[in-house]
Amino acid sequence: MTKLTDLSVTAALIGLENKEFSAVDLAKETLKEIENKKDLNAFSVDTSDFAIKQAAQSDKKRADGKAGVIEGIPVGVKDLFCTKGFSSTACSKILNGFTPTYESTVTTNLFAAGGIMIGKTNMDEFAMGSGNLNSSNGIVKNPWTRKDDNKVLVPGGSSGGSSAAIAARLCQGALGTDTGGSIRQPASFTGITGIKPTYGRCSRYGMIAFASSLDQAGVFARSSKDCALLLEAIAGYDKKDSTSINKPVDNYISMITGDVKGKKIGIPKEYQSDKMQGEVNDYWQKAAKFFEELGAETIEISLPNTKYALPVYYIIAPAEASSNLARYDGVRYGHRAELPSGASLDDMYELTRSEGFGDEVKRRIMIGTYVLSAGYYDAYYKKAQKVRTLIANDFKQAFSKVDFVLTPTAPTSAFAVDEKMDPVTMYLNDVFTVPASLAGLPAMSLPVGLDKQNMPLGMQLIAPAFEEGKLLNAAFALEQAIGFNHKPGEVQ
Amino acid sequence: MSLTKEQVKKIAKLGRIRLKAEQEDEFTGEINQILDWVTMLQEVNTDGVEQMTSVVNVSLPMREDKITDGDIQEDVLANAPDAKFGCYVVPKVVE
C-alpha cells in the first residue's frame, strides 16, 4: 500500500473525500515520518499538537460539507511567516523568543483553505543564503546524495527546510518565500516543483521582511497541479499590504489542461554560460525539444541586460535589508544582549546586533549601509534602480514575442555542505533566478532529470505578470512529457 | 577603489554592528570583493532611464485617515525583552 505521506495533494484530497483516511490519520502519519527523518533537520519549530487539533477541525469541516481547496493537507510553513502563538524567528538568533501576537495573511489564508501547519521549516537566516548554511537552527541535509560519494549536500536556500521536507515526503506541500531564487533554486536542488508568483500576488503582511521590493511568498510541492492548489489557497489581495494587487485570483487548477499548442517559448541566449554544468545545458535543450513535440514553438530571444542582474540584486537587496533590519535593536522583541553596568543605549544596540546577526546578515547590512550612504547613493543604489528598469524592459520586449521564457533554474546540481565558497561565488547560484525577481515576474522550477551523479536538475519557466495559471499549465505539459518520477534514496 | 579597514569599521558602526577585531580583515576583504564586482554596473548606459520605484507599476492605494486598530498595548509589549508600566525599558539615556 502507498504510504499516506507519498500521496500527492490531489490524491490525498481524493482519499480524504472518499473517507479512506481522515485528516487526523494523515497528520499523524506525517508527524511520524517527520520524526523518522529528524536527521535532515528540515523543521525548526514543532507545531504537532496544533496540527492534530487543526486536523480534527478539518475532518469536521469536511463532514459538514465545508471543505476548503486544500482541506486536511499537511503543509510545512517556512519560519519567515509570523504565526500567532508559535515561535517565528526567521532562523535568526536576534529573534530568539519572539512569539507573534498576530497571524500572517498567507498563513491565515492557508488555514482558511484547510491547510494544516505540520511544522515550521528551517531556512537561511532572514532568507539570506543559497544553501541553508546560515540558519541559527543548523544546516538542513538534502535527502539526495551523489552516486560517488556520501557527502552531505545542501537542499538549496533560503527555503531549504521546505524543499528538503517535500523531497523527503515529510509533507504534501510547503510554503516558501523567494527574494532572488529562494523557492526555485531549492526546488531544483531537491527534485521538486516550486513557484514564485508575481510580486504583489500574495500578501507580505506578517512575512518577516528582507528586501521588500523583491520578497514574495510561494509554494513547494511534487507536481504543478499540487502547486496550483496550494498557490490558489494562499494568494489574494490584502489591504494590510499596500503592494498587494487588487485582482481576483484565477482558478489555477482549471487552467491546467496540458495544451501548449501554438505557444511560443523563448530561449534567452544570454543564459548560456560556461559556468553551467554540461548536463544542465543538455536538459535545457531537451526541455525545449519536448515543448516542440507538444506543438509549441521555441524561439531564441535576447535579454541583453541579464549579466547585470546579479550585481543589481546585490545592491538593491542589501540596501533594503539594511533598512528593514534596523528594527532589530533589542528594544521591542527578540534578543537583547546582557549589558555591562553603565552601558549606553548605543552599546545595547551594537552588542545586541553583533550577537544576534550571523555573518552573512552582517555583511549585507554593511553593504546596504554603504550603498545608501551620502556620496555613494547615486553611484550604487540609484544606478542599480535604473539598470533594474532596463532588466524589466528586456522581459517586456521578450513577452511581446513569446508566451514563456525557458531557462535552467541553477547552473549546477546541489553542492556539498563542506564546499568552501567566497560570497560572490555563492551568489552566482542565483544567476538564472534573480532576473525574474527584479522584474517581479512569476517563475517556477520543475525537475527535468538527473545528472551523472544521480542528482536532480531543474528547469525554470518565466511568464508575464499575473499569468500564474498559464505558467502552471506550461509546467504541467513539460512535466507530463518528461515523466520525472525519481525519489531520493531510490535511484540506482 | 577599495575600502580601507577603517572605512569598513565606520560602516559597521553606522549599521550598529560591532565587529570583532579578528573579523575586521575578513569583512574588509569580502566587502571589497562584492563592491568590485557590482562596479560593473558603471559600464551600463542609463542616460534617460527612470529608476524603478514600483515593481508592478501601480500607484499606492489611498485610505481614509482613520484609526483601525488600537487597544492592543499588551500585544505590543508581549515580546519586549524588558517592559514596565506599559512602556519599553532601555538603558538610561538622559543624565
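## Helix packing and the A–B interface in a predicted complex

**View 1. Helix 12 of chain A crosses helix 2 of chain B.** In this predicted model, the axes of helix 12 (residues 359–371) of chain A and helix 2 (residues 24–38) of chain B come within 11 Å and cross at roughly 55°. Axes are lines fitted to C-alpha atoms, for helices over the stretch in contact, and angles run from 0 to 180 degrees between N-to-C directions. Helices (H or I, at least four residues) are DSSP runs, numbered from the N terminus. The angle makes helix 12 of chain A oblique to helix 2 of chain B; angles under 35 degrees count as roughly parallel, over 145 as roughly antiparallel, 65 to 115 as roughly perpendicular and the rest as oblique. A:Asp359, A:Lys362, A:Arg363, A:Met366, A:Ile367, A:Tyr370 and A:Val371 touch B:Phe27, B:Glu30, B:Ile31, B:Ile34 and B:Leu35 (contact: heavy atoms within 4.5 Å). Ala, Val, Leu, Ile, Met, Phe, Trp, Tyr, Cys and Pro count as nonpolar, Asp, Glu, Lys and Arg as charged, and the others, Gly among them, as polar.

**View 2. Helix 12 of chain A also packs on helix 1 of chain B.** Helix 1 of chain B spans residues 5–14. The axes lie 9 Å apart, at an angle of about 95°. The two helices are therefore roughly perpendicular. A:Met366, A:Thr369 and A:Tyr370 meet B:Val8, B:Ile11, B:Ala12 and B:Leu14. The contact has six nonpolar residues, one polar and no charged.

**View 3. Chain B meets chain A.** Contacts link 49 residues of chain B with 65 of chain A. The two chains bury about 5,300 Å² between them, 67% of it on carbon and sulfur atoms. Buried area is the accessible area (1.4 Å probe) that two parts lose on being put together, summed over both. B:Arg18, B:Trp37 and B:Met52 supply 14% of the area that chain B buries against chain A, more than any other three residues. The predictor gives the complex an ipTM of 0.95 and a pTM of 0.97.

**View 4. Helices 2 and 3 pair within chain A.** Helix 2 (residues 23–36) and helix 3 (residues 48–63) have axes that come within 7 Å and cross at roughly 160°. They are therefore roughly antiparallel.

**Notes.** Residues are numbered from 1 along each chain as its sequence is written, and chains are lettered from A and ligands numbered from 1 in the order in which they are written. Local features need pLDDT of at least 70, side-chain atom pairs count only at pLDDT 80 or more, and totals for chains, interfaces and linings use all residues, while side-chain values use heavy atoms, leaving out hydrogens and water.
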